[in-house]
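Please view the sequence and structure below before reading on.

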Amino acid sequence: MHNPRDIGPTSGPTSGSTSGPNPGPPLSDDARWAVLVGRLRADSGGLVDEFVQRVRRIAPYGRGLVPPDRLVADADLTFDHLLRRIAGQDVPERLAHVGEAIGRDRARRGVPLNELLSAVRLDFRVLWSALRDRATPEERDVLVSRVEHMWAVVEDYTLQIQAGYQEEAAFLARERHGERTALVGELLGSEDPDPDQVERVALALAVDVDADFLVAAAGATSGAALRRAAEALAAGGRVAHVQSTGPHSVLIAAWQGGTGPPVRAVLDGVPCGVGPLAHGLANVPRCARLATEVASVGSGPGPVELGDAWLPLAAGRLSDTAAELVDSVLSGLAAAPPGERDRLLETVRAYAESGSVKEVAERSFCHRNTVLNRLRRFTALTGRDVTRPADAAVVLLALAAVR
């Protein structure tokens, strides 16, 4: 507790009393206030006891997030700091940064900020109650006149604690993000992650290793949009992490919404590739690689799923056989003049998209017989009838390889 020699005068006239043979002049309000506060400082241990008793009713403190000895030591320093300030005295260096230190400590211990601020504001109640109990009838007017000053001191101290807490919380968040980034980076770079590695990532992300995960990838120009989508997911209570992997950013989000429309809804307006749903954290690396491939070959104003990008994706994986496929399927078109060849390919692509001769005719501003004639001409030149699904698939794959 405090050194009694550091308390200052606590005896003598308290309110201009006329008792005694030489009463002297009445004390000023400031002097009466100093006497009252000095009287309280002489018994500051009672303040600490009262505060500790009250603060333990706040859930995190009741659970023991702050050890009792630390709670008592911090309360002792706090009341020493506050009593000096409300008395108008200088605060020594050893007490100047108590508030910031307490804020940082509570952030590290995981005390929620709202509960911390509730605890700090108990200081005013404890101080006010103690001063009211110790004030003589002649001192009550000066006590009342100092209420606003006391509240301002406690609020300023509260702001110091809040600032320390927020600075430490931001630092811890950066540390946790750095740790998550390193662990997720290692996971995404693994062909076959081991169970221990997967468990470490699960702990860092606070997810279940067996949960389902949405995985999407965006190029450099769409990375900001992908991060905004992740922030929206996080705001909705989902775990979402965006990892930079060189030319792409990869989103990993705990997911329970199925595929298709729910995925397109949360990624609406984000040009990105969407991998298959990862069943378990260990499957995220493979799904991320597929999402990156889809992002590399897909195009559009929004998300492109694997099923919508299978042609260019498959064509890209043909590697050194792509030229042979194109030659075997489309070489017959060389017999047609360039203008006719372009019209035939345009018609084939349009028909493959819709499967309707009527729709192709309307889009091309020509008669349906013209469309049929072009399809027959394509078959005659290539030997492939695009009205048959098997032939259409081969032709489309060859056309994707040409691109």
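## Arg 70 and Asp 105

Arg 70 is partly exposed, with a relative accessible area of 29%, whereas Asp 105 is buried at 3%. Here buried means under 20% relative accessible area, exposed over 50%, and partly exposed in between (1.4 Å probe, protein chains only). The two residues form a salt bridge, with the closest N and O atoms 3.4 Å apart. Asp 105 lies in helix α6 and Arg 70 in helix α4, so the pair ties together parts 35 residues apart in sequence. Arg 70, Asp 74, Asp 105, Arg 106 and Arg 109 are linked in a network of salt bridges.

A salt bridge is a side-chain nitrogen of Lys or Arg within 4 Å of a carboxyl oxygen of Asp or Glu. Helices are DSSP runs (H or I, at least four residues), as are strands (E, at least two), numbered from the N terminus.

## Basis of the model

The model is predicted: local features need pLDDT of at least 70 and side-chain atom pairs count only at pLDDT 80 or more, while totals for chains, interfaces and linings use all residues. Residues are numbered from 1 along each chain as its sequence is written, and side-chain values use heavy atoms, leaving out hydrogens and water.

## Other salt bridges

A search of the whole structure finds 23 salt bridges. One of them joins Arg 84 and Asp 80, with the closest N and O atoms 3.0 Å apart. Both residues lie in helix α4, four residues apart, about one turn of the helix, and both are buried.

## Helix α6

The buried residues of α6 include Val 98, Gly 99 and Ile 102. After α6 comes Gly 110, whose phi is positive, near 85°.
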